[in-house]
Amino acid sequence: MKLKISENKRFYTQAIRGKEFGTLPYVVSRICGTCSVAHLTCCTEAVEKAMGVEISEQTRLLRKLALYGLMIRDHAMHLYLFVMPDIMGKDSVLDFDESQHKLVHDAFKVKSVGNDLSKLIVGRAVHGIYSQVGGYTKVPTKDDARKMVKQLKGIRGEVIDLIEIMNDCDFKFERARNFVGLAPKDFSFLEGSIKSSSGVEIPEENYSDYLKRMIIPYSQATGFEFQRNEFMVGALARMNLNKQSLHRDTKKDVRKFLKAFPSSNVYHNNLAQAIEVLHSVDHSIEILQSRAFKQENKVEVKPKECEGVGVIEAPRGTLYYWLIFDKSGNAKYGNLVIPTAQNQVIMASDIKALVQGLIGEDKERIRMEIEKLIRAYDPCMSCATHFLKVNWV
Amino acid sequence: MQRLKVGIFSFTGDEGCVITFLEILNYKFFEWRDLVDIRYCKTLKSKNRMEGLDVAFVEGAISSEKEAKRVKEIRRNCRKLISIGSCAIDGSPSNHRNFFDKARMKEIRPVMKKFRHLKKVVPLKDIVKVDGEVPGCPMLEDAFVKCLEAELKEFGVV
């Protein structure tokens with residue numbers, strides 16, 4: 001069994017060399033249309049850490065909101081458009097009939113609120129424009145914030161319905177594993193130490209040591225190991241490691257579903273994603289209601305020879321940026337570790353275990369089961385959802 | 001009334017345009033459902049057909065022999081082919097390697113050879129006839145809506 005991921009190389013590792021620190025976040029935003037906000041934010045953080053830029057409390061909150069907008073939009077897209085057809089036994093959301101009409105409505109309603117939150121904070125849902133090294137060029141007005149809160153409150157019911165559907169789904173694939181992820185105290189995807197279910201906790205100041213050990217230079221989408229073992233990142237990892245840090249309103253409404261965690265059922269990744277949507281809604285409401293944003297002065301950055309690491313949680317798991325700059329502030333080296341690459345090793349062994357259990361079954365059924373399992377991981381690759389070509393040998 | 005048969009295809013790029021298309025569906029899905037037959041969109045469905053399309057919307061630049069062959073196949077199967085987004089229109093930003101110096105080219109050569117990459121990353125119009133463009137990185141939402149609605153008229157759907 002071999003999992004071969006074909007993707008067209010754009011050679012970003014080489015392309016970012018020589019790029020000036022201020023423009024670099026916009027260059028890497030184009031690595032991924034799906035989670036461009038994650039690349040933008042993580043790269044900006046790495047630049048700031050390298051250059052010694054202190055960001056304001058307001059900027060930190062706006063970053064959290066930017067990531068919440070991304071999580072709502074991206075998880076909603078994955079759950080409603082890609083996972084829901086599996087649950088409903090349909091090829092796609094386009095084939096949903098009258099009885100599933102509400103779900104289609106919910107899908108686009110929830111997704112668009114995430115989209116609007118991204119637009120409010122970074123200017124666009126894909127390739128944001130307001131975010132820059134040191135801060136934001138535009139901040140939400142009081143009126144914007146009030147309208148956004150209303151929209152967010154308006155989808156809570158739909159999101160709780162979504163959580164129930166994911167909870168009732170009886171798909172199961174269980175195998176013990178190590179989970180790794182950032183565990184922020186407010187579950188904000190932005191900061192905190194890296195934890196693993198095997199008991200490791202790595203503080204911020206050791207990120208770069210840790211990364212150097214993990215990184216395979218100029219790898220061609222090769223996998224990664226944590227403590228020399230396969231591991232899994234993403235919503236399931238975050239929920240297993242840190243569910244106690246979810247927003248209080250979220251915990252209040254989904255307490256009974258949280259009992260499922262910690263879980264080693266890969267399909268619980270989807271339940272975890274749905275719960276993260278609710279958390280993103282609730283914490284965004286709190287931030288937008290409790291804070292008046294004001295335009296801040298642009299932070300002056302003096303380029304110098306330096307290096308820095310940025311780590312955030314992208315929708316699909318931990319994203320690492322390690323950047324080195326020359327004295328004029330141009331990137332000399334950049335190493336990016338993306339979540340899908342980290343999950344590659346364990347995804348391959350899960351498929352192997354799944355297929356072993358299905359030997360003798362119809363080939364079409366095996367193909368569909370493999371696709372379904374891969375979809376639960378929510379991998380980010382060319383046509384993440386419907387891509388499997390099995391070479392039978 | 002026959003619906004407009006469309007396909008959405010992705011080549012070398014970050015798929016930001018197809019994501020933008022999915023965002024447009026947030027407010028256009030129910031209006032377009034009776035007018036547009038999405039026959040090919042791998043992001044949305046498993047069972048895809050590319051034969052007999054009215055309009056193929058294509059994102060991404062062409063970077064390998066396989067892609068060049070594939071885009072020609074799409075061209076043969078559609079009446080109109082429209083480039084969506086900057087990569088498809090002029091190759092950028094997926095064409096970083098076109099501007100690499102010798103040292104960088106040397107680094108990437110083994111990968112290029114292995115995956116039969118073309119010497120340069122090229123826009124769609126260098127390989128096939130293109131009938132229209134929706135600009136932006138990612139493509140501009142309003143421009144795409146306008147473009148699709150114009151096609152609905154042109155093909156007599158509305």
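Let's start with two helices of chain A, H5(A) and H7(A), which are oblique to each other. This is a predicted model, by the way, so please keep that in mind as we go. Helix H5 of chain A covers residues 101-122, and the angle at which H5(A) and H7(A) pack is about 120°, with 10 Å between their axes. The crossing of H5(A) past H7(A) is left-handed.

Who makes that contact? On the H5(A) side you will find A:Asp106, A:Lys109 and A:Val110, and on the H7(A) side A:Glu158, A:Val159, A:Asp161 and A:Leu162. Sorted by class, this contact of H5(A) with H7(A) has four charged residues, three nonpolar and no polar ones.

Now stay with H7(A) and look at another of its neighbours. Helix H7 of chain A, residues 156-168, packs with helix H11 of chain A, residues 268-290, at about 165°, and their axes are 8 Å apart. That angle makes the two helices roughly antiparallel. Here too, H7(A) passes H11(A) in a left-handed crossing.

From H7(A), the residues in this contact are A:Arg156, A:Val159, A:Ile160, A:Leu162, A:Ile163, A:Met166 and A:Asn167, while H11(A) brings A:Asn270, A:Leu271, A:Ala274, A:Ile275, A:Val277, A:Leu278 and A:Val281. What classes do the residues of the contact of H7(A) with H11(A) divide into? There are 11 nonpolar residues, two polar and one charged.

Let's move across to chain B. Its five-stranded open sheet has the order E2-E1-E3-E5-E7, with parallel pairing. At the edges sit strand E2, residues 36-41, and strand E7, residues 132-134, each of them pairing on one side only. From one strand to the next, the twist averages 25°.

We can walk through part of that sheet. Strand E1 of chain B, residues 4-10, pairs with strand E3 of chain B, residues 53-59, over five bridges in the parallel sense. If you want a spot to look at, B:Val6 has B:Val55 in E3(B) as its bridge partner. E3(B) is then joined to E5(B) by five bridges, again running parallel, and there B:Ala56 stands opposite B:Leu81. Further on, three bridges pair E5(B) with E7(B), also in the parallel sense, with B:Ile84 opposite B:Val134.

Why is E5(B) largely enclosed by the rest of the structure? Five of its seven residues are buried, so that is how this strand ends up enclosed.

Helices lie across this sheet as well. Helix H1 of chain B, residues 16-32, lies across E1, E2, E3 and strand E5, residues 78-84, and runs at about 160° to E1(B). Helix H5 of chain B, residues 141-154, lies across E1, E3, E5 and E7, at about 145° to E7(B).

Last stop: where the two chains meet. Here 34 residues of chain B are in contact with 31 residues of chain A. On the chain B side, H1, strand E4 (62-64) and helix H4 (102-114) each supply at least two residues. Which element gives the most to the side of chain B that touches chain A? That is H1(B), with nine residues. Altogether, the chain B side divides into 14 nonpolar, 11 polar and nine charged residues.

Definitions and conventions
Residues are numbered from 1 along each chain as its sequence is written. Chains are lettered from A and ligands numbered from 1 in the order in which they are written. This is a predicted model: local features need pLDDT of at least 70, side-chain atom pairs count only at pLDDT 80 or more; totals for chains, interfaces and linings use all residues. Two strands pair if DSSP finds at least two bridges between them. Helices (H or I, at least four residues) and strands (E, at least two) are DSSP runs, numbered from the N terminus. Axes are lines fitted to C-alpha atoms, for helices over the stretch in contact, and angles run from 0 to 180 degrees between N-to-C directions. Two residues are in contact if their C-beta atoms, placed from the backbone, lie within 7 Å. A residue is buried if 20 or more other C-beta atoms lie within 10 Å of its own, exposed if 12 or fewer, and partly exposed in between; C-beta atoms are placed from the backbone. Ala, Val, Leu, Ile, Met, Phe, Trp, Tyr, Cys and Pro count as nonpolar, Asp, Glu, Lys and Arg as charged, and the others, Gly among them, as polar. Angles under 35 degrees count as roughly parallel, over 145 as roughly antiparallel, 65 to 115 as roughly perpendicular and the rest as oblique. A crossing is left-handed if the near helix is turned anticlockwise from the far one by less than a right angle, and right-handed if clockwise.
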